[in-house]
Amino acid sequence: RLMVRRAAFALDAGDPDATLYCAMAKRFATDGGFDIANQALQLHGGYGYLRDYPLERIVRDLRVHQILEGTNEIMRVIISREILGR
Ligand SMILES: Cc1cc2nc3c(=O)[nH]c(=O)nc-3n(C[C@H](O)[C@H](O)[C@H](O)COP(=O)(O)OP(=O)(O)OC[C@H]3O[C@@H](n4cnc5c(N)ncnc54)[C@H](O)[C@@H]3O)c2cc1C
């Protein structure tokens, strides 16, 4: 949560590191969110995978955020370019 807020603050402030912070926050929040939802699916066994229960949609919706707005592989490329390019 702190990473996301720090990125938002950097954007609002016109911080030159805003791109770095946003890429770090996007990658961390979406990978973490998906991992937690995926573990919850596992906990529910087969029912977690079925459309009959809301967890299936939560997992699917979180998974796409690892792809949308630039995939998390590309976030890693951005982060490394920002850090190593200095
Ligand atoms: C439901 C949904 C809604 C969307 N809505 C919008 C929208 O409103 N507006 C919009 O503009 N776009 C939208 N998109 C597109 C989305 O932004 C792209 O799907 C996303 O940026 C990934 O691009 P791509 O699908 O072309 O994958 P590709 O670029 O073809 O990537 C394929 C795979 O290769 C990996 N990869 C590619 N290049 C590298 C690299 N250099 N290093 C390491 N790995 C790499 C990627 O991480 C990925 O895993 C949407 C997509 C979905 C699924």
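## Contacts of Glu-56

Apart from residues within four places in sequence, Glu-56 makes contact with Gly-48, Tyr-49, Leu-50 and Arg-51. The model described here is a predicted one. Glu-56 belongs to helix H4. Its relative accessibility is 13%, and because buried means under 20%, Glu-56 counts as buried.

One of the partners of Glu-56 is Tyr-49, a residue of helix H3. Tyr-49 has a relative accessibility of 63% and therefore counts as exposed, the limit being over 50%. Beyond its neighbours within four places in sequence, Tyr-49 is in contact with Leu-41 and Glu-56. Tyr-49 and Asn-38 are 11 residues apart along the chain, and their C-alpha atoms are separated by 9.7 Å.

## The buried face of helix H4

Which residues of helix H4 are buried? Helix H4 covers residues 55-64, and Leu-55, Glu-56 and Val-59 are buried in it. Viewed down the axis of H4, these buried residues fall within an arc of 110 degrees, so they line one face of the helix. In general, an α-helix has 3.6 residues a turn, so residues three or four places apart point the same way.

What do the buried residues of H4 pack against? Their partners are helix H2, residues 18-43, and helix H3, residues 46-49.

## Thr-30 in helix H2

Thr-30 is part of helix H2. With a relative accessibility of 13%, Thr-30 counts as buried, since the cut-off is under 20%. The side chain of Thr-30 reaches the backbone oxygen of Lys-26 at a distance of 2.6 Å.

Not counting residues up to four places away in sequence, Thr-30 touches His-65, Gln-66 and Asn-72.

His-65 sits in the loop between H4 and helix H5, the latter spanning residues 72-84. At 38% relative accessibility, His-65 counts as partly exposed. With neighbours within four places in sequence left aside, the contacts of His-65 are Lys-26, Thr-30 and Asn-72. His-65 and Asn-38 lie 27 residues apart along the chain, with 14 Å between their C-alpha atoms.

Val-4 is a residue of helix H1, which runs over residues 2-13. Val-4 counts as partly exposed, at 43% relative accessibility. Once neighbours within four places in sequence are set aside, Val-4 is in contact with Ala-25 and Ala-29. Between Val-4 and His-65 there are 14 Å in space, C-alpha to C-alpha, and the two are 61 residues apart in sequence.

## Glu-69 in the H4-H5 loop

Glu-69 lies in the loop between H4 and H5. The relative accessible area of Glu-69 is 76%, and Glu-69 is exposed. Its phi is near 55 degrees, a positive value in a residue other than glycine. Most residues other than glycine have a negative phi. Glu-69 is also one of the residues around the ligand.

## Surroundings of the ligand

Which residues are found around the ligand? They are Val-64, Ile-67, Leu-68, Glu-69, Gly-70, Thr-71, Glu-73 and Ile-74. By class, this shell divides into 4 nonpolar, 2 polar and 2 charged residues.

For Thr-71, an N or O atom in the side chain is 2.6 Å from an oxygen atom of the ligand. For Glu-73, a polar side-chain atom lies 2.7 Å from an oxygen atom of the ligand. On its own the ligand has 980 Å² of accessible area, and the protein covers 28% of that area.

Methods
Residues are numbered from 1 along each chain as its sequence is written. This is a predicted model: local features need pLDDT of at least 70, side-chain atom pairs count only at pLDDT 80 or more; totals for chains, interfaces and linings use all residues. Side-chain values use heavy atoms; hydrogens and water are left out. A residue is near a molecule or strand if one of its heavy atoms lies within 4 Å of it. A polar contact is a pair of N or O atoms within 3.5 Å; within protein, one must be able to donate a hydrogen and the other to accept it, and residues adjacent in sequence count only if both atoms are side-chain atoms. Accessible areas come from the Shrake-Rupley method with a 1.4 Å probe; for residues, only the protein chains shown count as cover. Ala, Val, Leu, Ile, Met, Phe, Trp, Tyr, Cys and Pro count as nonpolar, Asp, Glu, Lys and Arg as charged, and the others, Gly among them, as polar. Buried means under 20% relative accessible area, exposed over 50%, partly exposed in between (1.4 Å probe, protein chains only). Helices (H or I, at least four residues) and strands (E, at least two) are DSSP runs, numbered from the N terminus. The arc is that of the directions from the helix axis to the C-beta atoms. Contact means heavy atoms within 4.5 Å.
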